[in-house]
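Subject: Handover of a protein structure

Dear colleague,

Please find below the structure that I am handing over to you. I would be grateful if you kept it open while reading the notes that come after it.

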Amino acid sequence: MTIGEIAKRAGVSPAAVSRYFNNGYVSEQKRAAIGKVVEETGYRPSAQAQTLRTRKTKLIGVIVPRIDSEPIGRIVAGILSVLEQSGYRMLLADTQNDPGRELEYLGVFGEKQVDGVILAATIFTPGHIKQLKAMTIPLAIVGQRLDGCYCVYHDDYRSMYDMTQWVIGQGCRRLAFMRAMQEDRAAGRERYRGYCEALLEAGLSERAACCVTADFTVESGFQKARELFDMCPEAEAVLCAADNMAIGVLQYLKEQKGGSAGRILVTGHGDSALMRVMTPPAPTVRYYYEDSGMLAARMVLDLVDKKEGVAREVRLGYQLVIGPVTAD
């Protein structure tokens, strides 16, 4: 079966069939006629022939730190929805939080094996920066901002600044903070910077020292909570850089009911599904992860198609999600 035979059966021109398979414009009537013939015959165009003809693989490489992370899963869902609508497929690389593997996949994808790359970034080593700047195929970074690169990211600084102001507005003065590693510019550095700026404006800058660093897991949040309360037993509020950390802190407090005086305010970041089913749920920040994935995918596809006016940076907003806030 050839494109010419498909065209003859559908009563259309071969050019219309070609546009149909390459997501070009075809009238609804012709599209329906071609689609009927394709369904009846089971015809599938040769991917190799299309690549040779168009010089496009119709593949986008997506590199993520951990696919079992809820925010990453939502980002990937957004990417996939756009790629499928545009006739592209995704090659997904899960690096298991290994920066070395990220560099390996950037190298593999950069050798023209895909039409473009989307990197869900966490940290930028000197090796990352060098390789990202040297990429010769369309690239978009999601979740972080890097000068000179196309990026879709969240307002991590302002969101934590606003959350800290809200906590202080609840009458809390003895604050503590559970942060992410500072090599992570967004979740680590920018969120902690927003926290410190809000403390400074409130005349509470000495509280910035009441801080521990945790991983993005419930287990780490639980373990680090003990260290945090040993360091700052007087803390009446704990702001966390991620929801899983906050859930760990809440679990620790429930198990240590008599270990701290009064009621402790705990906040998270990310608006995860697990946070919503906690009893009671803690205040958190909602980021639009799926939207960020969709925007990054559109950005890369626009670059692949060499469209003009592609935004180099997109910073997304956020929403404070405030509910019941304490653990007894």
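The notes below describe what was found in this structure.

The model is predicted: local features need pLDDT of at least 70 and side-chain atom pairs count only at pLDDT 80 or more, while totals for chains, interfaces and linings use all residues. Residues are numbered from 1 along each chain as its sequence is written, and side-chain values use heavy atoms, with hydrogens and water left out.

Overall form

The protein has 13 helices and 13 strands; these are DSSP runs numbered from the N terminus, helices being H or I with at least four residues and strands E with at least two. Its C-alpha trace spans about 80 × 40 × 30 Å along the principal axes. Of the 328 residues, 48% are buried, where buried means under 20% relative accessible area, exposed over 50%, and partly exposed in between (1.4 Å probe, protein chains only). Among contacts (heavy atoms within 4.5 Å) with a separation of 6 or more, 70% are between residues 24 or more positions apart.

Nonpolar cores

A nonpolar core is a set of buried Ala, Val, Leu, Ile, Met, Phe, Trp, Tyr and Cys residues joined through side-chain atoms within 4.5 Å. The largest one contains 45 residues, and I60, I118, V167, L175, Y195 and L239 touch the most other members. Helix α13 (residues 289-304) is the greatest contributor to this core, with nine residues. A second, separate core has 29 residues, including F229, C240, A241 and L253.

I60 lies in strand β1 (residues 59-64), where six of the six residues are buried. From this strand L59, G61 and I63 point one way, and I60, V62 and V64 point the other way. Strand β1 runs parallel to strand β2 (residues 89-94), to which six bridges join it; two strands pair if DSSP finds at least two bridges between them. The bridge partner of I60 in β2 is M90.

V167 belongs to helix α8 and is among its buried residues. Ten of the 14 residues of α8 are buried, so the helix is largely enclosed by the rest of the structure. Beyond its neighbours within four places in sequence, V167 is in contact with C172, L175, A237, L239, L265 and T267. Just after α8, G171 takes a positive phi of about 100 degrees.

Cysteines

How many disulfides does the structure hold? There is one, a disulfide being a pair of cysteine sulfur atoms within 2.5 Å. C210 and C232 form it, with their sulfur atoms 1.7 Å apart. The pair links distant parts of the chain, 22 residues apart: C210 is in the loop between α9 (185-201) and β7 (211-213), and C232 is in the loop between α10 (218-231) and β8 (237-240). C210 is buried, at 4% relative accessible area, and C232 is buried too, at 5%.

C172 is in no disulfide, and the nearest cysteine sulfur, in C210, is 13 Å away. C172 is buried, with a relative accessible area of 10%.

With kind regards
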